[in-house]
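Subject: The model, and what I found in it

Hi,

Here is the structure I promised to pass on.

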Amino acid sequence: MTITEHFAKAGIDISEKQSEQFQTLFEFMVEYNKNVNLTSITEFDDVIVKHFIDSVLPFKMLGISGNESIIDVGTGAGFPALPLLICYPDLKATLCDSLAKRCTYLELACNKIGVNAEIIHARSEELGRKRREQYDIATARAVAAMPVLSELCVPFVNVGGKFIALKSVNEDISEATNAIKYLGGNLEKVTDYKLPNGDDRRVAIVKKISQTPTKYPRSYANITKKPL
């Protein structure tokens with residue numbers, strides 16, 4: 001099955017150029033992965049479905065405009081940000097990761113596939129104190145449990161914006177209700193869906209309804225030791 005066919009199976013139309021960009025990203029990531037650990041998923045079909053479509057599908061479901069400012073917190077190998085930038089090239093994207101080697105890869109990958117993004121080597125809780133309420137969307141994919149992840153992500157979001165968490169169906173999102181409330185958010189919706197290969201996924205949408213108190217985010221040690 002081609003990349004275009006994989007996306008079509010997920011109900012997503014992509015152009016020939018976008019298909020070529022995804023092919024380039026696949027080849028570059030798999031080659032780079034031989035020297036720098038980016039992902040354990042390297043088979044073609046698995047990468048297309050479990051990385052690329054998994055990054056794009058929830059945002060297509062949510063109907064984002066594609067013009068938002070977005071920060072991908074703990075982006076790792078660039079998911080969901082890089083596939084989103086291929087599908088939504090007008091996104092104003094920041095990719096944040098705490099590992100310098102991954103940031104180097106992300107800069108090279110952006111150049112390879114011809115997308116523009118700001119790559120920042122930083123711990124998300126430290127960057128969150130510097131860039132409070134500067135983004136329309138904060139997102140993260142399987143970085144940490146929802147109470148911890150909310151404290152890392154919600155401070156980035158402007159009032160009226162959203163934190164979009166890509167999660168496993170095994171996690172009880174309601175455990176983060178108090179944390180989200182303390183941080184100025186409201187858990188708007190939790191939606192379960194399936195990838196084209198049948199894998200179950202969950203997306204949680206948190207709407208920012210008031211400013212985050214300035215004491216958040218705390219240090220990572222405190223966030224993990226005493227989740228809100």
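Below are my notes on the sheet, one of the helices, the aromatic pairs and a couple of single residues.

Some housekeeping first. This is a predicted model, so bear in mind that local features need pLDDT of at least 70 and side-chain atom pairs count only at pLDDT 80 or more, while totals for chains, interfaces and linings use all residues. Residues are numbered from 1 along each chain as its sequence is written, and side-chain values use heavy atoms, with hydrogens and water left out. Helices (H or I, at least four residues) and strands (E, at least two) are DSSP runs, numbered from the N terminus.

**The sheet**

There is an open sheet of seven strands with mixed pairing, in the order β3-β2-β1-β4-β5-β7-β6. Strands pair here if DSSP finds at least two bridges between them. At the edges stand β3 and β6 (185-194), each with a single partner strand, so one side of each has no neighbour in the sheet. From one strand to the next, the twist averages 20°. (For angles, axes are lines fitted to C-alpha atoms, for helices over the stretch in contact, and the values run from 0 to 180 degrees between N-to-C directions.)

You can walk through part of the sheet by its pairings. β1 (residues 69-73) pairs with β2 in the parallel sense over five bridges, and I70 stands opposite A93 in β2. β1 also pairs with β4 in the parallel sense, over three bridges; there, D72 stands opposite T139. Moving on, β4 and β5 are parallel too, with six bridges, and T139 has I164 in β5 as its bridge partner. Strand β4 is largely enclosed by the rest of the structure, because six of its seven residues are buried. By buried I mean under 20% relative accessible area; exposed is over 50%, and partly exposed is in between (1.4 Å probe, protein chains only).

Helix α7 (residues 146-153) lies across β1, β4 (135-141), β5 (157-167) and β7 (200-208), running at about 145° to β5.

**Helix α5**

How far apart are the end C-alpha atoms of α5? They are 20 Å apart, which agrees with the 20 Å that its 14 residues (100-113) should span at 1.5 Å a residue. (The expected span is 1.5 Å times one less than the number of residues.) The buried residues of α5 are C103, Y105, L106, A109, C110 and I113. They cover an arc of only 160° around the axis, so they sit on the same side of α5; the arc is that of the directions from the helix axis to the C-beta atoms. K101, N111 and K112 are exposed on the other side.

What do the buried residues of α5 pack against? Their partners are α2 (16-32), α4 (81-87), β2 (92-97) and β3 (118-121). Contact means heavy atoms within 4.5 Å. Just after α5 comes G114, with a positive phi of about 75°.

**Aromatic pairs**

I count eight aromatic pairs in the structure. Rings of Phe, Tyr and Trp (its six-membered ring) pair if their centres lie within 6.5 Å; planes under 30 degrees apart are stacked, over 60 edge-to-face, and the rest tilted.

One of them is F22 with F52, a tilted pair at 5.1 Å centre to centre and 35° between the planes. F22 lies in α2 and F52 in α3 (residues 44-62), so this pair ties together parts that are 30 residues apart in sequence. F22 is buried at a relative accessible area of 0%, and F52 is buried, also with 0%. Another pair is F28 with Y105, which is stacked because the ring centres are 5.5 Å apart and the planes are at 10°. It links α2 to α5, 77 residues apart. F28 counts as buried at 16% relative accessibility, as does Y105 at 0%. Ring pairs also link F7, F22, F52 and F79 into a cluster.

**Two single residues**

H6 lies in helix α1 (residues 3-9) and is buried, at 8% relative accessibility. Leaving aside neighbours within four places in sequence, H6 is in contact with M1, F44, D45, I48, V49, I53 and P196.

N222 lies in helix α9 (residues 220-225) and is partly exposed, at 36% relative accessibility. N222 and V148 are 74 residues apart in sequence and 9.8 Å apart in space, C-alpha to C-alpha.

Cheers
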